[in-house]
Amino acid sequence: MNNDSIYLDHAASTPVDPQVVEAMLPYFSEIYGNASGMHQQARGSAQALDRARQTVAGVLNCAPNEVVFTACGTESDNLAIRGAAFAQKLAGRGRHLITTPIEHHAVSHTINQLCDKFGFEQTVVPVDEYGIVNPADVAAAIRPDTVLISVMYANNEVGSVQPISEIGEIARERSIPFHTDAVQAAAYRPLDVEALNVDLLAISGHKIYAPKGVGVLYVRQNTPLLPTLTGGSHENNRRPGTENVPYIAGIAKALELVDSHRTGENPRQAGLRDRLVKGVLTSIPNSQLTGHPVNRLPNNASFVFDGCEADTILMHLDMAGIQAASGSACTSGMPEPSHVLQAMGLPHQLALSALRLSLGRQTTAADIDRVLAALPDIIAKIRQTDF
Ligand code: PLP
């Protein structure tokens, strides 16, 4: 790994915080019992699990038994959506789902499968040119047989933050369960589930400086939820499988840290991000910011550069020691333009030129200077070669 390189892909994944590693270490080889057992080792693991659940509940402002640990953000989204949809259908409440066109595939592909294979129907409410959903459109889409609303908290490609609390209020008035994918928002936005009016909220470890392969799903008391996995009675009968105690201790510590870092890190990263955005827009002709100019995650700077191909920009940046992404990590490499940018109304060709620079805790002013020194020449060179 080149030590001089700059990492600006925190929306794809973050390094594990040393304090998180420290919190995990005892649960690999010292305290390793199966938390369901009846002996000292098992009790050690069970206690760690209890502590982690309490920590997460403290950050989310919920009861500990409303916290379900999962294996990733994708699993949390799947359990929330499929679990609620099937439980509602079994109770005879209906089969209509409401969502947006900018969701992560963990949400949209789950809903698509419910519709294509299991008889559900969906209304996809539009977003505006900044990628923001209007709560009135969600209200207008509600039908007597609506059984779930799913709107992401903040978008992974352009960072736009949604009016979750307002949408939640609308859902609550009609007694419709409301799910939000908070995977990208978790490091930067408040996660108080009461203030947000949500019933289901998904978090992923590796976006908040915990390891890959661990997630959280908040499930409000009495929310209909059919488990998607079957097995033991773990996680209050909602998610079977022997608990991954070290990773659970890790995600709990990471949540505690992001919660305490927010007041300092949000303005610091937003300041660097604003300098980056301003620098790019003033020094590169025909460049455009994507997503909302203000109502966006403090670490997200995303652009389109007319006349360039995203992969070519990424290749040149990588050669200059700058690691970035073209949009969603899960879709980069595919020639199709991002569904998010298309939903925001960007023309097909322009949407193929997307660059996402996502900052993190270790990003410095010197990193931003280096990007601003390198990017204008890279874009100019690509435009000369390609056209
Ligand atoms: N939801 C959003 C908004 C994401 O950005 C991601 C990851 O990129 C996920 C869900 C999936 O999380 P995980 O990688 O933990 O499965």
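Predicted model: local features only at pLDDT ≥ 70, side-chain atom pairs only at ≥ 80, totals over all residues.

**Entry: alanine 252**

I began with alanine 252, which I found in helix H10. Setting aside the neighbours within four places in sequence, I get contacts from alanine 252 to Ala52, Thr55 and Val56. Is alanine 252 buried or exposed? I looked up its relative accessibility, which is 3%, so alanine 252 counts as buried; the cut-off for that is under 20%. I also checked alanine 252 against leucine 49: the two are 203 residues apart in sequence, yet C-alpha to C-alpha they are 9.5 Å apart in space.

**Entry: the cores**

Next I went looking for nonpolar cores. The largest one has 65 residues, and Leu60, Ile149, Leu191, Leu201, Ile203 and Ile208 are those with the most contacts inside it. Which helix gives the most to this core? I found that helix H10, residues 245-283, does, with seven residues. There is another core apart from that one, with 26 residues, including Val277, Ile368, Val371 and Ala374. I jotted down a general point here: in soluble globular proteins, nonpolar side chains tend to be buried together.

Leaving out neighbours within four places in sequence, leucine 201 is in contact with Leu60, Thr180, Ala182, Val193, Leu196, Val216, Leu217 and Tyr218.

**Entry: arginine 262**

Back to helix H10, where I also found arginine 262. Arginine 262 forms a salt bridge with aspartate 259, and their closest N and O atoms are 2.7 Å apart. The two sit three residues apart in helix H10, so about one helical turn separates them. I compared their accessibilities: aspartate 259 is at 33% and counts as partly exposed, while arginine 262 is at 10% and counts as buried.

What else does the side chain of arginine 262 meet? One of its polar atoms lies 2.9 Å from the backbone oxygen of alanine 186. Neighbours within four places aside, my contact list for arginine 262 reads Ala186, Ala187, Tyr188, Arg189, Pro190, Leu191 and Pro267. Leu191 is a name I had already written down for the largest core.

How many salt bridges does a search of the whole structure find? I got 15. One that I followed up pairs aspartate 9 with arginine 356, with closest N and O atoms 3.1 Å apart. Aspartate 9 is in the loop between strand S1 (6-7) and H1, and arginine 356 is in strand S12 (residues 354-358), so this pair ties together parts that are 347 residues apart in sequence. I checked burial too: aspartate 9 and arginine 356 are both buried.

Another pair I looked up is arginine 143 with aspartate 145, where the closest N and O atoms are 2.9 Å apart. Arginine 143 counts as partly exposed at 29% relative accessibility, and aspartate 145 counts as partly exposed at 22%. I then saw that this pair belongs to a network of salt bridges linking Arg95, Glu121, Arg143 and Asp145.

**Entry: the surface**

Last, I turned to the outside. I found a nonpolar patch on the surface formed by Val16, Val21, Leu25 and Phe28, with about 320 Å² of accessible area together. Where is leucine 25 found? I placed leucine 25 in the loop between helix H1 (18-24) and helix H2 (26-29).

Notes. Residues numbered from 1 in each chain as written. Heavy atoms only, no water. Patch = residues over 30% accessible without salt bridge, like charges linked within 9 Å, V, L, I, M, F, W, Y side chains within 5 Å. Areas by Shrake-Rupley, 256 points an atom, 1.4 Å probe, with all protein chains shown as cover. Salt bridge = Lys/Arg side-chain N within 4 Å of Asp/Glu carboxyl O. Helix = DSSP H or I, 4+ residues; strand = E, 2+ residues; numbered from the N terminus. Core = buried A, V, L, I, M, F, W, Y, C linked by side-chain atoms within 4.5 Å. Buried < 20%, exposed > 50% of the residue type's maximum accessible area, 1.4 Å probe, protein only. Contact = heavy atoms within 4.5 Å. Polar contact = N/O pair within 3.5 Å; in protein donor to acceptor, adjacent residues only side chain to side chain.
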